[in-house]
Amino acid sequence: MDLWQDFHGANAGYIADLYERYQRDPNSVDADVRALFATWTPPAEAAPAAPAVADADLSQVVGVVNLAHALRDHGHLAAHLDPLGAPPPGDPLLLPATHGLTDDDLRRLPASLAGRPVADTTTTAYEAIAALRRAYSGPIGYDYDHVLVPAERVWLRAAAESRRFYAPDDGEALLRLLTKVESFERFLQRTFPGKTRFSIEGLDMLVPMLDAIIGGAGQDHLGAILIGMAHRGRLNVLAHILHKSYAQMLAEFKDPVKDGSQPAREDDLGWTGDVKYHLGARRTNADGSDTLMVVSLAPNPSHLEAVNPVVAGMARAAGSRVDQPGPAHFDPTRTLPILIHGDVAFPGQGVVAETLNLSQLQGWGTGGTLHFIANNQLGFTTPSEQGRSTLYASDLAKGFEIPIVHVNADDPEACLEVARMAYAYRAEFHKDFLIDLIGYRRYGHNEGDEPAFTQPMMYQIIDRHPSVRALWAQTLAERGEVTPAQAEALVTEQMAALQAVFEGLGPDAQVVEPVPAAPPSGAARRVATAVPLAQLRALHAAAHQLPAGFTLNPKLDRVFQRRRAALADADQPTVDWALAEQLACASILADGTAIRLTGEDVERGTFSQRHAVYHDARTGQTFTPLQALPQAQAAFEVHNSPLSEAAAVGFEYGYNVQAPERLVLWEAQYGDFINGAQVQIDEFVVSARAKWGQTPSLTLLLPHGYEGQGPDHSSGRLERFLSLAAETNCRIVNCTSGAQYFHLLRRQAHLLTVDPLPLIVMTPKSLLRHPDAASTPRELAEGRWHSVIDDPLAAAHRSEVRRLVWCSGKVYFDLASHPQRAATPQVALARVEQLYPFRPDDFQPIFDAYPNLEEVVWLQEEPANMGAWEFLRPHLEDCCAGRWPLRYLGRDRNASPAEGSSARHALSQRALVEAAFALTKRVTA
């Protein structure tokens, strides 16, 4: 038995003390201990010649153990992290005197009391404590005591104390890269004074750190590196990590306007572009084998942290295999996401916490994201004490057990050591890691801002502070590796190279714009979405096969058996919304298109309608029918999302743009919950094509309809999406039958790579089981998508119709089931299923079908300032062309979407429906 390997710290000291007592007097220890020591020879470092604990007070032994523990857990509080020289906060526990120790005491005691691995390379406690102080309270502050997994703590401790990730770098190569970083910023400042660029200066080491991480990923043959960051330092990352050409970037600063530019037409997929510090880029590297590595920087708006879940979703897509039936398979070794945060934004913006929460969830993990906080120690004008309630900007990450390392951005070797450690930890554990890169901001928030207005003392220091390039050049000069003249020559050379590129642009420099190609004209209308009845029945039968011995909940079993027989009669309306969805998904999988369906309670469905995942009532085991579908040619995955909208929608958007050939759907628990993702909708989903040339096709399913559930569970905020609809940037629908939903999903799947557009679906609640909303199997087998639907009962008496009521969604069934409908043949009811894009030629045949029409009405459940009225009004007026008056029928304008009382709702709804058939009453204009 090797006692010295089994006991550490105070325990090792206790064993050494017992052994010394045994040597002096064997009878001074217990018989069992005597027997053990009789056959045991201590290692050399435990021999009596080394410092021992025999003559030490037990409190001193405990003091060394506690001091070592304090340095490991809280040494970062004494670390020299601020390049501007602010003293660290410190902690009394880091002082020997707090533990009743002097330097002489430490010299008398063995290093073993401090524990391994530091004890392996030191002899006395004094040497061990000094080594711990160098490791934990130097330019690096290790902050990992919150990590609860023992194996990870052991790994982190060994990495910190052994410094195995420290490596003497090619000092001159690092100087050249830092010179490029600094010279690029200086050239922009000199050539374009006052133009906003959000300089990296003060955090220049971010670029070499990224370069080191990407180098490690290349050696490990990763396929994709996805980077997300805000605008601070973005131009330098584009130039020196993404290798975007200086010529292109300088042309963007010149900002030329092309002659002959024309405004976008109504049917154009518009292009506006974006400011240069929001743009993305990608580069592709070959590593000498057949493996290619793609490095991408995702475009991001000025909503600083909004890109976080987008990059996470991109990484998930890039690492997922979906070309086989069953569930998707994620491989964390195929991809690496890197997120660069702001020090004020990281604790300040909720999407950060939402994204961190995704990291360990099934279906959402990325195999570990590397996080940087680009820590300027300052927001726009807001100092840290006004911007967060924590000591460090990174403290939020502690709640997710993410290791944190703080590092002084003016120490290049420390920075690179930390970068290598971060990459190695991620490769080992496939979990997140955070680097708090603490620097400063050379100028104001933008280059036209005067920071001394609000931080005069800080900027007095910054104005005198040399750059990290200058400091590194000085270090290399002291080591005799580079002379000061050589270092300055590198700057001169780089500035001259940039000047030559700039002069070579000429007056007609052109900016390359990633304008997406226009889809084939009429592609959406030509899609054939019908599925032969025999194929539908085969898919349906396969989707209703349970594993042997699988027991459904009795209530669910009744539903299951009813659905099982739903396709027996082709002409009976037995296909409800959920069954239509299942059949659509099954047929899409059979066509070879993978599906990812996520959302809040999406596995069952908010209204217990879907049941995409069955749970055995006896064992709790799960079964997902569409993953066992024998006809499937691609993967199906379905996951409940956390109760998040911003991060969840952003994640699915990122997944979608990374893998546009897959059908990606996200469903809100209730449609109004989409409010929580408004930034993602505004900045990515509906505008990314115009700004960055991305072509998303994310499908959002938003329950919508007025059933008296109050303001927060009625509206999917249809009006907001319609207000954002322009230049054919999305499709917005409010369909009313199972067949319509079936053909809609199949159309979306067919258009993913042909005519990709986001699809916003106002899905039903009460209509999920409404018998009149069900469809016949034949409508799925022989039908198609209809953007508008005429009144099926008016065909026999079109000449009698005087009032044409247009409506959309669930309110149609309130109208169609009212007793006055049959008694009022003068009123026809037409449904608008696709609200955007609005196609007049879909509407005109219905107008023309009623020769004696006198009045056109738009009827909606929503208040006048919500719903579709404000959007559709000018379009319907154009269709009427003065031939008939256009009037509004619905609730008055309101600040709240719906009544809070179900009784009041019922009164309002009844009055609304009755007014539609009251021809003697004038409808509100």
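These notebook entries record what I looked up in a predicted model of one protein chain.

**Entry 1. Conventions.** I noted that residues are numbered from 1 along each chain as its sequence is written, and that side-chain values use heavy atoms, with hydrogens and water left out. Because the model is predicted, local features need pLDDT of at least 70 and side-chain atom pairs count only at pLDDT 80 or more, while totals for chains, interfaces and linings use all residues.

**Entry 2. The chain as a whole.** Of the 925 residues, 58% are buried, where buried means under 20% relative accessible area, exposed means over 50%, and partly exposed lies in between (1.4 Å probe, protein chains only).

I then took the accessible surface, which comes to about 36900 Å², with 51% of it belonging to carbon and sulfur atoms; the areas come from the Shrake-Rupley method with a 1.4 Å probe, and for residues only the protein chains shown count as cover. Counting contacts (heavy atoms within 4.5 Å), I found that among those between residues at least 6 apart in sequence, 80% join residues at least 24 apart.

For the charges, I recorded that the mean positions of the 81 positive and 110 negative ones are 6 Å apart. Lys and Arg count as positive and Asp and Glu as negative, with His and the chain ends not counted; each charge is placed at NZ of Lys, CZ of Arg, CG of Asp or CD of Glu.

**Entry 3. Cysteines.** I searched for disulfides, that is, pairs of cysteine sulfur atoms within 2.5 Å, and the structure holds zero. The closest cysteine sulfur to that of Cys735 is in Cys585, and at 13 Å this is too far for a bond. Cys807 is in no disulfide either, since the nearest cysteine sulfur, that of Cys735, is 14 Å away. I also checked the cover of both residues: Cys735 is buried at 2% relative accessibility, and Cys807 is buried at 0%.

**Entry 4. Strand 20.** I looked up its neighbours, taking two strands as paired if DSSP finds at least two bridges between them. Strand 20 runs parallel to strand 21 (residues 827-832), joined by five bridges, and Val805 stands opposite Leu829 there. Strand 20 also pairs in the parallel sense with strand 23 (residues 855-863) over four bridges, where Trp858 is the bridge partner of Trp806.

**Entry 5. Strand 4.** I next examined strand 4 (residues 292-297), where five of six residues are buried. Four bridges join strand 4 to strand 2 (residues 224-229), and the two run parallel. Ala224 stands opposite Val294.

**Entry 6. Arg563.** I located Arg563 in helix 22 (residues 554-564) and recorded it as buried, with a relative accessible area of 12%. Leaving out residues up to four places away in sequence, Arg563 touches His540, His544, Asp576, Ala578, Leu579, Gln609 and Arg610. Finally, I took the C-alpha to C-alpha distance from Arg563 to Gly363, which is 28 Å across a separation of 200 residues in sequence.
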